[in-house]
Amino acid sequence: MEPDFTRKVPDGDNMERSVCTRCGFIAYDNPKIVVGSVATSGTRILLCRRAINPRKGFWTLPAGYLEHRETAEDGAMREAREEACATLTIHQMLATYSIMHISQVQLMFRATLENPETIAPGPESEEVALFEWDDIPWDELAFPSVAWALRHYHQVKDSDAFPPFTNPVEGLQPGLLSPSLPFAAVVSSSASLTLSVLTKAAVSSGPSTTFAPSFLLSSMCLAMKGPCVMMNRI
Ligand SMILES: [Zn+2]
């Protein structure tokens with residue numbers, strides 16, 4: 001018999017779900033898990049230039065959706081293989097990011113690239129490359145969380161043991177946006193105004209100001225309530 005779904009709040013639940021009227025089966029629709037890595041060879045970091053949308057042409061870390069019946073570590077290794085023909089050894093969990101507006105949880109690992117001489121773009125990459133920290137193309141990164149992972153990696157690159165990071169305090173968590181932070185207020189104003197104000201701030205403030213560039217980015221993201229397709233300032 002075909003299922004016949006209707007939207008209702010199941011007994012004992014507090015959210016509307018798709019429930020089969022014939023057998024009571026509940027089709028839960030939950031966030032997706034993305035697995036990825038900051039993979040290094042010596043002091044250089046592996047990045048992939050995206051050959052697909054969203055953010056075609058921008059640089060990202062090897063990462064993608066976890067498959068069914070796959071460990072997070074295996075998924076991160078598979079994504080690196082698919083996107084960069086890269087062979088990784090996975091080390092610690094680097095960070096867990098909650099990207100609420102697109103219902104994603106990202107699990108990012110620290111990894112070592114085992115075949116730096118033979119990396120090559122897979123079907124989803126236009127180009128793959130190893131970047132020294134000072135050469136990272138910050139203005140051409142695909143997503144805010146790519147910058148977060150890179151910064152978090154950099155903070156612990158000389159440590160063997162560290163607690164995993166979470167979203168930067170300024171990133172994508174409205175409850176954590178401190179009212180005392182400059183520009184927090186503009187998040188609630190119109191998206192275009194916010195974009196204009198924040199873009200000017202990002203341009204004029206430079207890297208040494210008190211508000212982290214990623215705050216500017218994530219604020220734009222919040223203001224637009226959508227995928228971060230327009231953001232390329234980090
Ligand atoms: Zn049914």
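A nonpolar core is here a set of buried Ala, Val, Leu, Ile, Met, Phe, Trp, Tyr and Cys residues joined through C-beta atoms within 7 Å, where a residue counts as buried if 20 or more other C-beta atoms lie within 10 Å of its own, as exposed if 12 or fewer do, and as partly exposed in between, with C-beta atoms placed from the backbone. The model is a predicted one, in which local features need pLDDT of at least 70 and side-chain atom pairs count only at pLDDT 80 or more, while totals for chains, interfaces and linings use all residues. Residues are numbered from 1 along each chain as its sequence is written.

**Confidence and overall layout**

The pLDDT, which is the predictor's confidence in each residue on a scale from 0 to 100, averages 81 over the protein, and 72% of the residues score at least 70. Over residues 172-234 the pLDDT stays under 50, and the model has 93 contacts beyond four places in sequence for this stretch, a contact being two residues whose C-beta atoms, placed from the backbone, lie within 7 Å. Where pLDDT is low, the predicted coordinates should not be read in detail.

The protein has four helices and ten strands; helices (H or I, at least four residues) and strands (E, at least two) are DSSP runs, numbered from the N terminus. Their order from the N terminus is β-β-β-β-β-β-β-α-β-β-β-α-α-α. Of the 234 residues, 33% count as buried, and among contacts between residues at least 6 apart in sequence, 62% join residues at least 24 apart.

**The core and helix α2**

The largest nonpolar core has 40 residues, and those with the most contacts inside it are Val38, Ala39, Leu46, Ala86, Leu88, Val146 and Ala149. The elements that give two or more residues to this core are β4, β5, α1 (72-84), β8 (88-99), β9 and α2 (144-156). In soluble globular proteins, nonpolar side chains tend to be buried together.

Helix α2 has 13 residues and reaches 19 Å from its first C-alpha to its last, close to the 18 Å expected at 1.5 Å a residue, the expected span being 1.5 Å times one less than the number of residues. Among its buried residues are Val146, Trp148, Ala149 and Tyr153. Leaving aside neighbours within four places in sequence, valine 146 is in contact with Thr60, Leu61 and Leu141.

**Strand pairing**

Strand β4 (residues 32-41) is mostly covered, with seven of its ten residues buried.

| Strands | Sense | Bridges |
|---|---|---|
| β4 and β9 (residues 104-113) | parallel | nine bridges |
| β4 and β7 (residues 63-65) | antiparallel | three bridges |
| β4 and β5 (residues 44-50) | antiparallel | two bridges |
| β1 and β2 (residues 17-20) | antiparallel | four bridges |

Within these pairings, glycine 36 stands opposite methionine 108 in β9, valine 35 has glycine 64 in β7 as its bridge partner, and serine 41 has arginine 44 in β5. β4 and β5 form a hairpin with two residues between them, and glycine 42 in the turn has a positive phi of about 65°.

A separate description applies to three strands that form an open, antiparallel sheet in the order β1-β2-β3. Its edge strands are β1 (5-8) and β3 (26-27), each of which pairs on one side only. Threonine 6 has valine 19 in β2 as its bridge partner.

**Loops and backbone exceptions**

Glutamate 16 lies in the loop between β1 and β2, and it counts as exposed because it has 11 C-beta neighbours inside 10 Å. Not counting residues up to four places away in sequence, glutamate 16 touches Arg7, Lys8 and Val9. Aspartate 135, in the loop between β10 (125-131) and α2, is exposed, with 11 other C-beta atoms within 10 Å. The C-alpha atoms of aspartate 135 and arginine 44 are separated by 9.5 Å, although these residues are 91 residues apart along the chain.

Most residues other than glycine have a negative phi, and most peptide bonds are trans. Against that background, the peptide bond from asparagine 53 to proline 54 is cis, with omega near 0°, and proline 54 is found in the loop between β5 and β6 (59-60). Arginine 69, in the loop between β7 and α1, has a positive phi near 55° and is exposed, with 6 other C-beta atoms within 10 Å. Cysteine 85, in the loop between α1 and β8, has a positive phi of about 50° and counts as partly exposed, with 15 C-beta neighbours inside 10 Å.

Notes:
Pairing = 2+ DSSP bridges.
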